[in-house]
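I opened this entry to look up side-chain contacts and a metal site. My notes follow in the order I took them.

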Amino acid sequence: MHEPLDYLADEFGKDLIDYAIERVMTIPIEVPSWGFGRGGTRFAAYSTGDEPSTPEEKIIAAGKFHKLTGKGATVALHFPWDGTTKKDVRGLKKHLRKAEINAGSVNANLFTPRDKGPLDATLRFGSLTHPDPKIRAASVKHCLDCFDYMRILDSHTFVLWLPDGTNSPGQMSMYDQADRLEESTKIINAAAGKGDRILIEYKLFEPGFYSTAIQDYARSLYLSWILGDRAMVLVDLGHHAHGVNVEQIIAHLLRQGKLGGFHFNDSYYADDDLASGSLHPHQLFRIFVNLVEGELRGYMPVHDLALMIDQSHNIKDPFEELIESVENIETAYAKSLLIDFNALKKAQDSLDPSMADRILMNAFNTDVRPILAAARREQGCFENPLDEWRLRKK
Ligand code: LRH
Ligand code: MN
């Protein structure tokens with residue numbers, strides 16, 4: 001009986017299919033602690049009470065997720081959402097060890113007003129670019145605290161997304177905004193430890209609706225050049241204006257050695273934070289095509305990038321939406337691995353775009369589910385995590 005994998009091996013060759021299975025099996029995809037709870041919108045957070053809500057409950061869920069899917073070996077953490085003291089963080093470390101998973105990236109939070117201390121509602125005027133040097137110092141201190149947490153958690157990835165921006169033309173001088181940002185990020189960068197990478201995340205707008213301090217990849221790239229080798233650009237797929245060619249940005253950043261990683265999600269309108277690949281599976285495919293081609297050309301290997309999911313789950317069971325997202329990311333990656341890049345380049349260089357695009361679409365139109373199933377089987381995980389999760393929920 002010809003197995004589905006056999007058909008794939010007939011078409012693409014057994015070596016390439018075995019390679020794709022190995023690559024899908026080992027690609028590290030990081031899940032967000034905040035993705036196991038219900039995110040909410042500006043209108044409401046629709047908690048049903050049965051989803052994880054405490055940091056411990058989220059880590060336990062992440063442990064189950066890793067066993068079920070083979071992905072999520074590391075969990076992205078967000079402070080103060082996941083803790084406010086070193087004691088809390090040591091507690092997290094215990095939960096992570098028990099769940100047999102590790103801490104991934106540590107995300108600073110300079111948008112949630114604290115109950116006590118200087119970072120209160122004044123954060124609406126900014127944090128690292130706040131007009132008051134005391135607030136800037138307190139914001140820098142929060143980032144330095146995150147480095148302390150990274151030491152406890154043995155994490156080496158710091159994610160800096162800055163909510164700073166303005167809502168009107170007169171609110172702040174663009175020059176002051178830029179000067180303060182550089183001054184603050186230089187202090188943060190100087191405090192980073194050996195082997196740490198600082199991922200600078202840009203975003204077009206929100207919560208600033210007139211200006212945003214780090215509004216596009218050029219801004220992140222500029223900061224990453226002035227801060228040095230450990231500073232890289234983080235591409236959140238939902239943080240672009242309509243019509244922006246995201247995979248072109250990715251190729252350009254990879255070529256400059258400044259692509260640090262991703263926040264995978266999907267969106268129609270703005271920063272919708274919907275399930276990765278749920279609306280634009282072909283865009284996710286094009287992104288992986290450029291990552292795989294970049295690796296073949298000697299740029300940073302795909303697996304060395306910080307491949308993280310950043311989503312807000314409101315309607316579906318958060319656990320199930322994360323399974324869907326990981327499957328869509330694995331699918332896009334597996335399809336991109338089926339491309340014969342030599343044949344593609346030959347078609348491109350011989351001015352034959354029809355053949356070039358057919359090579360891409362042939363890979364995209366290939367059913368790679370047998371590759372994903374084989375990758376999970378070989379890891380001792382479940383070929384169909386969603387069915388298994390539902391069986392367990394019963
Ligand atoms: C900002 C963002 C950032 C996180 C937050 C949860 O929109 O993408 O990465 O800190 O979402
Ligand atoms: Mn993000």
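**Salt bridges, rings and metal**

I started in helix H11 (residues 341-349), where Asp349 and Lys345 are 4 residues apart and so separated by about one helical turn. The model is a predicted one. I looked up the contact between these side chains and found a salt bridge, with the closest N and O atoms of Asp349 and Lys345 2.6 Å apart. Lys345 counts as partly exposed, at 39% relative accessibility.

Next I went to helix H2 (residues 14-26). Lys14 and Asp18 are 4 residues apart there, about one helical turn. Their side chains meet in a salt bridge at 2.5 Å, N to O. Is Lys14 buried or exposed? Lys14 is exposed, with a relative accessible area of 52%. Asp18 is partly exposed at 34%.

I then checked Asp367 and Arg369. They form a salt bridge of 2.8 Å, N to O. Asp367 is partly exposed at 38% relative accessibility, while Arg369 is exposed at 62%. I also noted a network: Asp317, Glu320, Arg390 and Lys393 are joined by salt bridges that share partners. My count for the structure is 24 salt bridges.

**Rings**

How many aromatic pairs does the structure hold? I get 15. One of them is Phe79 with Tyr149, a tilted pair at 4.8 Å centre to centre and 55 degrees between the planes. This pair links distant parts of the chain, 70 residues apart: Phe79 is in strand S2 (residues 74-79) and Tyr149 in helix H5 (residues 133-153). Both Phe79 and Tyr149 are buried. I also found a cluster in which ring pairs link Trp34, Trp81, Phe111 and Trp161.

The charged end of Lys258 sits over the ring of Trp225, 5.1 Å from its centre. Lys335 lies over the face of Phe364, also at 5.1 Å from the ring centre.

**Manganese site**

Which residues coordinate the manganese ion (ligand 2)? I listed Glu201 (OE), Asp236 (OD), His263 (ND1) and Asp310 (OD), at 2.1 to 2.2 Å. The site has 6 donor atoms, with angles of 72 to 171 degrees among them, and is octahedral. The donor residues follow the spacing E-x34-D-x26-H-x46-D in sequence. Glu201 lies in strand S6 (residues 197-201) and His263 in strand S9 (residues 259-264), so this pair ties together parts 62 residues apart in sequence. I looked up the burial of these two as well: Glu201 and His263 are buried.

Notes: Residues numbered from 1 in each chain as written. Chains lettered and ligands numbered in written order. Predicted model: local features only at pLDDT ≥ 70, side-chain atom pairs only at ≥ 80, totals over all residues. Heavy atoms only, no water. Phe/Tyr/Trp six-rings, centres within 6.5 Å; stacked < 30°, edge-to-face > 60°. Helix = DSSP H or I, 4+ residues; strand = E, 2+ residues; numbered from the N terminus. Buried < 20%, exposed > 50% of the residue type's maximum accessible area, 1.4 Å probe, protein only. Lys NZ or Arg CZ within 6 Å of the ring centre and 35° of its normal. Donors = N, O, S within 2.8 Å, 3.2 Å for Na, K, Ca; no water. Tetrahedral: all angles 85-135°; square planar, octahedral: opposite > 155°, others 65-115°. Salt bridge = Lys/Arg side-chain N within 4 Å of Asp/Glu carboxyl O.
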